[in-house]
Amino acid sequence: PIGKEASIIIGDGYFQFQKDSGVESEGPEYAHTHEYSHHLQLLLGVGELNDDFSDQSAKKQELMADAFSAYFLAHDSGGDMTSEEISN
């Protein structure tokens with residue numbers, strides 16, 4: 001169960017990778033919203049942990065988190081980013 005003290009933890013190496021890839025301005029927002037999207041999957045019951053650890057299941061979970069994240073980042077009340085900023 002997720003407690004009140006739950007956090008999103010992302011290693012420094014990930015942000016260095018984003019900087020080296022030239023997406024340091026949009027990267028942290030993407031990483032945060034992507035990881036928060038996994039939390040939303042659990043709340044909505046579409047990302048429940050089960051015994052299916054197949055590549056297909058993992059791919060589905062990651063793509064769904066990407067989609068939730070992109071929706072928030074593009075929304076006027078969210079990140080208000082352009083499609084070009086998101087696709088980088």
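Which residue takes a positive phi just after helix 2? In this predicted model, that residue is Gly45, with a phi of about 80°. The description below starts with the whole chain and then turns to its helices.

The chain holds four helices and zero strands. Read from the N terminus, its elements follow the order α-α-α-α. The chain has 88 residues, and 20% of them count as buried. Its accessible surface amounts to about 6,800 Å². Carbon and sulfur atoms supply 55% of that surface. Contacts were also sorted by sequence separation. Among those with a separation of 6 or more, 51% join residues 24 or more positions apart.

Helix 1 covers residues 12–21. The structure contains one aromatic pair. The partners are Tyr14 and Phe15, with ring centres 5.8 Å apart. Their planes stand at 80°, so the pair is edge-to-face; the cut-off for that class is over 60 degrees. Tyr14 counts as partly exposed because its relative accessibility is 32%, between the limits of 20% and 50%. Phe15 is also partly exposed, at 31% relative accessibility.

Helix 2 spans residues 27–44. The buried residues of helix 2 are Gly27, Ala31, Thr33, His34, Ser37, His38 and Gln41. Their cover includes helix 1 and helix 3.

Gly27 belongs to helix 2 and has a relative accessible area of 3%, so it is buried. In sequence, Gly27 and Glu85 are 58 residues apart. In space, the C-alpha atoms of Gly27 and Glu85 are 9.7 Å apart. Ser37 also lies in helix 2. Ser37 counts as buried because its relative accessibility is 3%, and the limit is under 20%. A polar atom of the Ser37 side chain lies 2.7 Å from the backbone oxygen of Thr33. Leaving aside residues up to four places away in sequence, Ser37 touches Ala65, Phe68 and Ser69.

Helix 3 runs over residues 55–74. At 1.5 Å a residue, its 20 residues should span 28 Å. The end C-alpha atoms of helix 3 are 28 Å apart, which agrees. An α-helix has 3.6 residues a turn, so residues three or four places apart point the same way.

Gln61 is placed in helix 3. Its relative accessible area is 17%, so Gln61 is buried; the limit is under 20%. A polar atom of the Gln61 side chain lies 3.4 Å from the backbone oxygen of Val46. Ala74 is likewise found in helix 3. Ala74 is partly exposed, with a relative accessible area of 40%. Ala74 and Glu85 are 11 residues apart in sequence. The C-alpha atoms of Ala74 and Glu85 are 9.1 Å apart in space.

Helix 4 covers residues 83–87, and a loop lies between helix 3 and helix 4. Asp80 is found in that loop. With a relative accessible area of 48%, Asp80 is partly exposed. Not counting residues up to four places away in sequence, Asp80 touches Leu73, Ala74 and His75.

Terms used
Residues are numbered from 1 along each chain as its sequence is written. This is a predicted model: local features need pLDDT of at least 70, side-chain atom pairs count only at pLDDT 80 or more; totals for chains, interfaces and linings use all residues. Side-chain values use heavy atoms; hydrogens and water are left out. Helices (H or I, at least four residues) and strands (E, at least two) are DSSP runs, numbered from the N terminus. Buried means under 20% relative accessible area, exposed over 50%, partly exposed in between (1.4 Å probe, protein chains only). Contact means heavy atoms within 4.5 Å. Accessible areas come from the Shrake-Rupley method with a 1.4 Å probe; for residues, only the protein chains shown count as cover. A polar contact is a pair of N or O atoms within 3.5 Å; within protein, one must be able to donate a hydrogen and the other to accept it, and residues adjacent in sequence count only if both atoms are side-chain atoms. The expected span of a helix is 1.5 Å times one less than its number of residues. Rings of Phe, Tyr and Trp (its six-membered ring) pair if their centres lie within 6.5 Å; planes under 30 degrees apart count as stacked, over 60 as edge-to-face and the rest as tilted.
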